[in-house]
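Student: I have a protein model open. Can we go through its charged pairs together?

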Amino acid sequence: MPYLDLAVLCEVAIIDQATNNLSVVNQIEQVNLPQFPSVLPRIMVVTTWQRESEVEESFTERINITGPSGKDLAKVEIPIRMERRRHRHLSAFANLMIEAPGDYTFDIAVRPDNASTWTTRRTIILDVQKIDEPGPDAP
């Protein structure tokens, strides 16, 4: 089973075509919003995986986003075939509905191709806070 080396939320992730290096831009841990419901225009989930052996592996990665009420907001399943020792995946979510302040969880799970059960490898918490809008007399 592959090892989840990195899992992060960010605004943008870039893979340099010349060097194959990954740049994570504006890591997101907290979002401050003036009103609810609101829409988060874009958020990315970056995962990097590493094989634990020299044998090629195939599995499915699942990212499930849950709101503070427990309601599932988005889910994606990505089949991955690890021909090389390392693999990275960038998942972009657009127009994510933010219903209320609280903790939004991004559960990252895997399921080997020959299995039926999912194993959670990491949970990332996005802290959503309500902020006051500046009044009409604010500078």
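Tutor: This is a predicted model, so local features need pLDDT of at least 70 and side-chain atom pairs count only at pLDDT 80 or more, while totals for chains, interfaces and linings use all residues. Residues are numbered from 1 along each chain as its sequence is written, and side-chain values use heavy atoms, with hydrogens and water left out.

Student: How many salt bridges are there?

Tutor: Side chains of opposite charge can pair when their charged atoms come close. A salt bridge needs a side-chain nitrogen of Lys or Arg within 4 Å of a carboxyl oxygen of Asp or Glu. By this rule the count is four.

Student: How many residues apart in sequence are Arg 86 and Asp 5?

Tutor: Arg 86 and Asp 5 form a salt bridge, with their closest N and O atoms 3.8 Å apart. Arg 86 belongs to strand 7 and Asp 5 to strand 1. Strands are DSSP runs (E, at least two residues), numbered from the N terminus. So the pair ties together parts whose separation in sequence is 81 residues.

Student: Is Arg 86 buried or exposed?

Tutor: Buried means under 20% relative accessible area, exposed over 50%, and partly exposed in between (1.4 Å probe, protein chains only). Arg 86 has 53% relative accessibility, so the residue counts as exposed.

Student: Which residues are linked in a network of salt bridges?

Tutor: Glu 56 and Arg 81 meet in a salt bridge at 2.7 Å, N to O. Arg 81 also forms one with Glu 83, with the closest N and O atoms 3.4 Å apart. The network links Glu 56, Arg 81 and Glu 83.

Technical notes:
Helix = DSSP H or I, 4+ residues; strand = E, 2+ residues; numbered from the N terminus.
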